[in-house]
Amino acid sequence: MIDFCHISPTAYLPAFTRTNGSHLILAHLVESDETYRNFYANLDDGCFKIMDNSAFEMYKQGRPMYPTSKLLEMGKACKADMIVLSDYPGEPGQKTIDAAKKTAKKYKDAGFQTFFVPQSEVGNFDDYMDCMEWALTASTLPEPIIDRIGLSIL
């Protein structure tokens, strides 16, 4: 399944997101922007809501990734259906895999589906492909721990 979602500035949310087949919601804006958070919490257009963990934004700012407990809290605040699991741009893929193994059940137990984003050190294509292969396998288990896989712009 491929979904295309506009990520929109808060002031343009109603106009820019009305044709989305699903919504990609940024965690750092859920945390800091009440208007943004409430827009999505009150949005009832029948479209799937995916809360991104804002790893790209945190990485670019040199800030630490959000902990699972905070992502769960923010996912509830915006009424997301799915949360992007913690991922670690620029670091070995195993770190992202280990985080998913440790936390995916917590997300599922809280009522969310899981979204995995493979990562690796910059330029390490083999590591990236190993991370992707792990995700594909984890999504096809009898009780999959990964519901959806996404590709980072990094």
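Strands β1 and β2 (residues 48–52) run parallel and are joined by five bridges; helices (H or I, at least four residues) and strands (E, at least two) are DSSP runs, numbered from the N terminus. The model is predicted, so that local features need pLDDT of at least 70 and side-chain atom pairs count only at pLDDT 80 or more, while totals for chains, interfaces and linings use all residues. Residues are numbered from 1 along each chain as its sequence is written, and side-chain values use heavy atoms, with hydrogens and water left out.

**Sheet**

- Five strands form an open sheet in the order β1-β2-β3-β4-β5 with parallel pairing, where two strands pair if DSSP finds at least two bridges between them.
- At the edges of this sheet lie β1 (22–26) and β5 (148–149), each of which pairs on one side only.

**Helix α3**

- In helix α3 (residues 34–42) the buried residues are Y36, R37, Y40 and A41, where buried means under 20% relative accessible area, exposed over 50% and partly exposed in between (1.4 Å probe, protein chains only).
- These residues are on the same side of α3 because they cover an arc of only 130 degrees around the axis, the arc being that of the directions from the helix axis to the C-beta atoms.
- The face turned away from the buried side of α3 carries the exposed residues E34, T35 and N42.
- The buried residues of α3 are covered by elements including α1 (13–16), β1, α2 (27–32), β2 and α5.

**Aromatic rings**

- The structure holds four aromatic pairs; rings of Phe, Tyr and Trp (its six-membered ring) pair if their centres lie within 6.5 Å, and planes under 30 degrees apart count as stacked, over 60 as edge-to-face and the rest as tilted.
- Y12 and F16 are stacked, because their ring centres are 5.1 Å apart and their planes are at 15 degrees.
- Y12 counts as partly exposed at 45% relative accessibility, and F16 is partly exposed with a relative accessible area of 40%.
- F39 and Y40 form an edge-to-face pair, 5.0 Å centre to centre with 85 degrees between the planes, and Y40 counts as buried at 1% relative accessibility.
- Ring pairs link Y36, F39 and Y40 into a cluster.

Notes
Contact = heavy atoms within 4.5 Å.
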